[in-house]
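User: I would like to learn how to read the side-chain features of a model, taking them one kind at a time. Please give the general idea first and then the case at hand.

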Amino acid sequence: MKNEKALVVFSGGQDSTTCLFWALENFKEVETVTFDYNQRHDLEIEVAQEIAKELGVNNRVLDMSLISQLSANALTRDDIEIEEKDGELPSTFVEGRNHLFLSFAAVLGKQIGAKHIITGVSETDFSGYPDCRDGFIKSLNVTLNLSMDDQFVIHTPLMWRDKKEVWQLSDELGALDFVREKTLTCYNGIMANGCGECPACQLRREGLEAYLTEKGVS
């Protein structure tokens with residue numbers, strides 16, 4: 001892999017930024033792709049562009065606003081509350097998002113000569129999202145290769161890591177402070193530690209606290 005090119009599906013959040021550092025460690029050339037799907041906060045796109053620029057990798061922003069026309073959810077609609085109810089998918093679930101993102105990433109990857117597609121999905125901390133499961137990724141990988149008559153490899157470095165282990169990986173990659181200070185995970189659009197109240201912030205904070213405790217750092 002060291003001599004090949006990779007494309008990272010990149011949002012500027014904790015997971016995709018950790019994946020970007022992982023890609024830079026494992027591939028000769030890396031580019032990123034960010035999707036504009038009318039998400040709540042334009043800051044997400046700005047953060048992704050700034051991180052890519054700072055790390056010296058090319059970033060492309062693709063218009064995927066059609067997603068917001070198809071799916072009513074809390075990430076694309078201000079009038080839908082961010083909530084999780086027992087037995088139901090969180091209101092932040094965007095139908096078909098990862099399917100479409102990875103499909104478009106593969107099309108772009110073919111144009112730029114990147115056979116390796118990297119995404120930060122995780123079945124361990126996936127909030128019940130069906131398109132974050134390992135079975136879906138493997139199935140889509142086969143489908144993309146058949147549909148495009150090519151040999152892409154979708155990498156999921158975080159698939160079997162909980163948030164504590166994601167923080168550990170970022171630390172092993174020498175990126176712990178970078179990820180803590182420069183990423184945007186918060187559903188309310190607040191960088192770094194975020195609002196501290198939304199599900200994304202709670203998961204991020206609990207994972208960090210668990211990792212720092214395990215490491216013996218306060």
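Analyst: Let us begin with burial: Lys5 is buried, with a relative accessible area of 13%, where buried means under 20% relative accessible area, exposed over 50% and partly exposed in between (1.4 Å probe, protein chains only). Please keep in mind that this is a predicted model, in which local features need pLDDT of at least 70 and side-chain atom pairs count only at pLDDT 80 or more, while totals for chains, interfaces and linings use all residues. Residues are numbered from 1 along each chain as its sequence is written, and side-chain values use heavy atoms, with hydrogens and water left out.

User: Which side chain meets that of Lys5 in a salt bridge?

Analyst: A salt bridge is a side-chain nitrogen of Lys or Arg within 4 Å of a carboxyl oxygen of Asp or Glu; here the partner of Lys5 is Glu29, at 3.4 Å from N to O. Because Glu29 lies in strand β2 (residues 29-36) and Lys5 in strand β1 (residues 5-9), the pair ties together parts that are 24 residues apart in sequence. Strands (E, at least two residues) and helices (H or I, at least four) are DSSP runs, numbered from the N terminus. Glu29 is partly exposed, at 40% relative accessible area, and Lys5, Glu29, Glu31 and Arg60 are linked in a network of salt bridges.

User: How many salt bridges does the count come to by this rule?

Analyst: The count is 11 salt bridges, and among them is that of Lys115 with Asp150, whose closest N and O atoms are 2.4 Å apart. This pair links distant parts of the chain, since Lys115 is in the loop between α4 (97-112) and β4 (116-118) and Asp150 in the loop between α5 (134-148) and β5 (153-155), 35 residues apart. Lys115 is partly exposed, with a relative accessibility of 34%, whereas Asp150 is buried at 11%. Another salt bridge joins Glu209 and Arg205 at 3.9 Å, N to O; both lie in helix α8 (residues 199-215), four residues apart, about one turn of the helix.

User: Over which ring does the charged end of Lys115 sit?

Analyst: A charge sits over a ring if NZ of Lys or CZ of Arg is within 6 Å of the ring centre and within 35 degrees of the ring normal. For Lys115 the ring is that of Phe152, with the charged end 5.8 Å from the ring centre.

User: How many aromatic pairs does the structure hold?

Analyst: A pair of aromatic rings is described by the distance of the centres and the angle of the planes. Rings of Phe, Tyr and Trp (its six-membered ring) pair if their centres lie within 6.5 Å, and planes under 30 degrees apart count as stacked, over 60 as edge-to-face and the rest as tilted. The structure holds four such pairs, including Phe21 with Phe178, which is edge-to-face at 5.2 Å centre to centre and 75 degrees between the planes. Phe21 is in helix α1 and Phe178 in helix α7 (residues 176-182), 157 residues apart, and the pair thus links distant parts of the chain. Both Phe21 and Phe178 are buried.

User: What is Cys19 in contact with, leaving aside its neighbours within four places in sequence?

Analyst: Contact means heavy atoms within 4.5 Å, and the partners of Cys19, those neighbours aside, are Val8, Ile118, Thr119, Gly120, Pro157 and Leu158. Cys19 is found in helix α1 and is buried, at 0% relative accessibility.
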